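This briefing covers a single chain, shown below. Please look over the sequence and the model before reading the points that follow.

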Amino acid sequence: MKVKELRDMTNEELNNKLKSLKQELFNLRFSNATGQLNNPMQIHTCKKDIARIKTILTERELGKKKA
């Protein structure tokens, strides 16, 4: 997911996306543990997307405190 797309989302949309990505990460880890995951890079990509969302939410939170 592109950062520009994430920055255009509202905080509520980002929180919903974060929740769904965490669920997806859980499912990917479970699939990997059972040997059913074809592309292990999906885990890496999912974790990076979660980090991007958390970073944007934190930036917004800190920006509100400074202003």
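N27 is found in helix α2, where helices (H or I, at least four residues) and strands (E, at least two) are DSSP runs numbered from the N terminus. This is a predicted model, in which local features need pLDDT of at least 70 and side-chain atom pairs count only at pLDDT 80 or more, while totals for chains, interfaces and linings use all residues. Residues are numbered from 1 along each chain as its sequence is written, and side-chain values use heavy atoms, with hydrogens and water left out.

**N27**
- N27 counts as partly exposed at 38% relative accessibility (buried means under 20% relative accessible area, exposed over 50%, partly exposed in between, with a 1.4 Å probe and protein chains only).
- N27 and M41 are 14 residues apart along the chain, and their C-alpha atoms are separated by 14 Å.

**Overall form**
- The chain has three helices and zero strands, in the pattern α-α-α along the sequence.
- The radius of gyration is 14 Å, well over the 11 Å that the globule rule gives for 67 residues, so the chain is more spread out than a compact globule (the radius is taken over C-alpha atoms, and the rule is 2.2 Å times the number of residues to the power 0.38).
- The C-alpha trace spans about 50 × 15 × 15 Å along its principal axes.
- Of the 67 residues, 21% count as buried.

**Packing of α2 and α3**
- Helix α2 (residues 11–33) packs with helix α3 (residues 41–66) at an angle of about 155 degrees, their axes 9 Å apart (axes are lines fitted to C-alpha atoms, for helices over the stretch in contact, and angles run from 0 to 180 degrees between N-to-C directions).
- That makes α2 roughly antiparallel to α3, a label for angles over 145 degrees.
- Residues of α2, including L14, L18, L21, L25 and L28, meet residues of α3, among them I43, I50, I53 and L57 (contact means heavy atoms within 4.5 Å).
- By class, the contact of α2 with α3 has 11 nonpolar, four polar and nine charged residues (Ala, Val, Leu, Ile, Met, Phe, Trp, Tyr, Cys and Pro count as nonpolar, Asp, Glu, Lys and Arg as charged, and the others, Gly among them, as polar).

**R7**
- R7 lies in helix α1 (residues 3–7) and is partly exposed, with a relative accessible area of 43%.
- Leaving aside neighbours within four places in sequence, R7 is in contact with I56, E59 and R60.
- The C-alpha atoms of R7 and L57 are separated by 9.3 Å, with the two residues 50 apart along the chain.

Conventions. Angles under 35 degrees count as roughly parallel, over 145 as roughly antiparallel, 65 to 115 as roughly perpendicular and the rest as oblique.
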